[in-house]
Amino acid sequence: MVGQFAEPAACVLALDGASGSRLWGSQDVTRNVTSLALVGDNLGTGFRDVAVGSFVNAVSVVLGFNGNTVWRREVSTFNGGSMLSVIKTADLDGNGSQDV
């Protein structure tokens with residue numbers, strides 16, 4: 001997984017581990033990606049999803065097999081709107097899904 005900090009190219013790219021060729025790119029997630037984290041397969045697609053932190057005050061989760069956005073949330077502006085890091089956590093609310 002590769003996150004790009006500026007446009008116009010795709011903001012999140014999945015690359016083939018053997019060849020480096022592009023598997024998919026997602027431009028609708030956010031601009032200015034600052035961090036990526038693999039999270040669980042929360043929708044049962046058979047692929048782990050990707051959490052995306054950004055410099056534009058938002059965190060998103062995209063499907064690991066095609067990059068489509070699952071959800072996007074604006075977050076606190078406590079630090080001026082910069083989401084510098086995103087990590088996966090345990091299932092904090094007990095719903096069976098890995099949280100971010």
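First, some ground rules. The model shown here is predicted, so to speak of local features a pLDDT of at least 70 is needed, side-chain atom pairs count only at pLDDT 80 or more, and totals for chains, interfaces and linings use all residues. Residues are numbered from 1 along each chain as its sequence is written, and side-chain values use heavy atoms, leaving out hydrogens and water.

**The sheet**

Four strands form an open sheet in the order E4-E5-E6-E7, paired antiparallel. Strand E4 (33–38) and strand E7 (69–74) are at the edges with a single partner strand each, so one side of each has no neighbour in the sheet. From one strand to the next, the twist averages 15 degrees, taken between lines fitted to C-alpha atoms in N-to-C directions, on a scale from 0 to 180 degrees. Strands here are DSSP runs (E, at least two residues), numbered from the N terminus, and two strands pair if DSSP finds at least two bridges between them. E4 and strand E5 (residues 50–54) are joined by 5 bridges; Ala-37 has Ala-51 of E5 as its bridge partner.

**Two buried residues**

Buried means under 20% relative accessible area, exposed over 50%, and partly exposed in between (1.4 Å probe, protein chains only).

| Residue | Relative accessibility |
|---|---|
| Val-33 | 7%, buried |
| Ser-54 | 0%, buried |

Beyond neighbours within four places in sequence, Val-33 has contacts (heavy atoms within 4.5 Å) that include Phe-5, Val-12 and Ser-54. The C-alpha atoms of Val-33 and Val-12 are 7.6 Å apart. Ser-54 belongs to strand E5, and its side chain reaches the backbone oxygen of Ala-58 at 3.1 Å.

Technical notes
Polar contact = N/O pair within 3.5 Å; in protein donor to acceptor, adjacent residues only side chain to side chain.
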